[in-house]
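Open the model in your viewer and colour it by secondary structure. The stops below cover a helix pair and then the sheet behind the pair's contacts.

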Amino acid sequence: MNISVLKTFLPSDPRPEGVRVDTLVMHSTAGREKPSSSIENARSTLEKRKLSYHYIIARDGTIYKCAPVGRAARHAGSSYGPHEQKAGKSMVQYVYNAENKSKGRVHKFLAGTSVNSYTIGISFVNMNDGSESYTSEQIEAAKDLVGVLKGAMPDLAFVTTHYEVSPKRKSDPFGEGFNLDDFASAVGLQAWKFPDRARVGRP
């Protein structure tokens, strides 16, 4: 496993005191710039938007550490995961209408929830348009990385995706080569899925 550390970490925030980090959220970078395999494109876009993942996995399987795991990366935004479900938080999302669109809150959660405080964000370099598959090198690197994280973070129990924690609003990781159930089984974690199964399709 090849892990490179960015010379300058991407922005992150302090985790709340005593928080139990027990969930991994898988993403794709969804970059449109060419070449799509460029880690520099992903880093530059994240810096401009003041966002971050803890790790980015390039198409050749190289893992880039982008933020300390002891801090909360800015990777999921408005989201809902296992901690919110356990606490009985509202799953209601803003509907699509002109007012919500103008305020930039379509399909965000009315309760203002976010999983960032207790999760690790891992992203594959991928266009996320369904035309670009996830490489075997990426999947194997992700499995190896999760093994290392499990050894260092014994509370890890769940793995999910950006699509599952932000349904209707996000779709990643989308495309051939990654399946949440298969990946969870391979790394020995529980696949967490959004409990409202009435949702339809991807955004």
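Select helix H4 (residues 136-152) and helix H6 (residues 180-187): their axes lie 10 Å apart and the helices pack at an angle of about 45°. Axes are lines fitted to C-alpha atoms, for helices over the stretch in contact, and angles run from 0 to 180 degrees between N-to-C directions. Helices (H or I, at least four residues) and strands (E, at least two) are DSSP runs, numbered from the N terminus. The model is predicted: local features need pLDDT of at least 70, side-chain atom pairs count only at pLDDT 80 or more, and totals for chains, interfaces and linings use all residues. Residues are numbered from 1 along each chain as its sequence is written, and side-chain values use heavy atoms, with hydrogens and water left out.

Next, show side chains at the contact (heavy atoms within 4.5 Å). H4 contributes Ile139, Ala142, Lys143, Val146 and Lys150, and H6 contributes Phe183, Ala186 and Val187.

Now select the sheet. Seven strands form an open, mixed sheet in the order E1-E5-E4-E7-E3-E8-E9; two strands pair if DSSP finds at least two bridges between them. Strands E1 (3-5) and E9 (190-191) are at the edges, each with a single partner strand, so one side of each has no neighbour in the sheet.

Zoom to E4 (residues 55-57) and E5 (residues 63-65), which pair in the antiparallel sense over three bridges. Ile56 has Tyr64 of E5 as its bridge partner.

Finally, bring the helices back. H4 packs on the sheet, touching E1, E3 (23-28), E4, E5 and E7 (119-124), and its direction makes about 160° with that of E7. H6 touches E3, E8 (158-161) and E9, at about 155° to the direction of E8.
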